[in-house]
Amino acid sequence: MTTEQPGLFDIPEKKAEKPPEARKIIKSRPQIPFLPGVKYYESFPEIIDIEMLRQKASGCNGCGLRENCQQVVFGSGNTRSGIMFIGEGPGRDEDIQGIPFVGRAGQLLDKILAAADFDRQEVYIANVVKCRPPENRLPRTEEVQRCRNYLEAQIRIIQPKIIICLGSLATKTVIDPKAKITEVRGKWFNRQDIMIMGTFHPAALLRNEHYKRPVWEDFKLIRQAFASLDIK
Ligand code: SF4
């Protein structure tokens with residue numbers, strides 16, 4: 001029996017109903033990772049504390065990205081938050097400051113969060129890869145495959161109720177490798193009792209202002225869901 005999480009698109013729509021006992025066993029089996037493709041034993045299952053995980057990541061040389069960046073940009077915000085935002089990877093400003101989403105795209109994200117009545121300090125923000133790709137190129141498949149183990153562990157430790165994927169890479173990494181952001185954005189998915197939505201990356205809004213309206217529509221849904229779950 002596989003312990004790997006399938007992408008959401010690989011789950012048959014109509015599954016045979018399992019008897020209650022079987023459902024209970026599946027729900028209580030913690031070694032099934034959250035992210036598609038992640039192997040449980042590679043996602044630092046022995047680490048149960050976010051600070052320990054941060055330290056582990058800060059010494060990581062798991063892929064070639066660490067050679068060319070200044071530091072590992074682990075994540076920031078409230079580690080007890082019910083909502084987590086996941087972007088692609090650090091850019092130049094993030095690499096200098098060691099904090100995700102602090103450049104132009106980050107400033108726009110702050111504005112979007114504020115407009116949707118979120119305080120940046122109350123949410124948790126991380127990226128799929130923790131080290132800056134040279135010249136801000138897209139992270140390569142093998143780099144994502146290495147680094148998503150940290151993201152898996154972050155999700156496992158923080159236990160958000162809502163995950164928002166900012167952009168295509170996060171959407172493919174979290175929802176399904178075959179997911180297209182233009183098709184899935186604004187739609188809720190559910191896995192392991194976590195609500196997941198993809199929306200456009202703030203950097204895409206800076207390049208194309210036609211994305212502003214759909215992103216605002218998505219954030220209204222996100223605010224509604226956050227309020228209805230009565231989470232902090
Ligand atoms: S990008 Fe991730 S896997 Fe690669 S060196 Fe940095 S922390 Fe390690």
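Which element gives the most to the shell around the ligand?

1. Helix 6 does, with three residues. Please keep in mind that this is a predicted model, in which local features need pLDDT of at least 70, side-chain atom pairs count only at pLDDT 80 or more, and totals for chains, interfaces and linings use all residues. Residues are numbered from 1 along each chain as its sequence is written.

2. The ligand is surrounded by 14 residues, and the closest are Cys 60, Gly 62, Cys 63, Cys 131 and Cys 147. A residue counts as near when its C-beta atom, placed from the backbone, lies within 6 Å of the molecule. Two or more residues come from each of helix 3 (65-68) and helix 6. Helices (H or I, at least four residues) and strands (E, at least two) are DSSP runs, numbered from the N terminus.

3. By class, the shell splits into eight nonpolar, two polar and four charged residues. Here Ala, Val, Leu, Ile, Met, Phe, Trp, Tyr, Cys and Pro are nonpolar, Asp, Glu, Lys and Arg are charged, and the others, Gly among them, are polar.

4. Do look at Asn 136, in the loop between strand 3 (124-127) and helix 6 (141-158). Its phi is near 55°, a positive value in a residue other than glycine. Asn 136 is partly exposed, with 14 other C-beta atoms within 10 Å (buried means 20 or more, exposed 12 or fewer, partly exposed in between, with C-beta atoms placed from the backbone).

5. Gln 159, in the loop between helix 6 and strand 4 (162-166), also has a positive phi, about 50°. Gln 159 is partly exposed because 15 other C-beta atoms lie within 10 Å.
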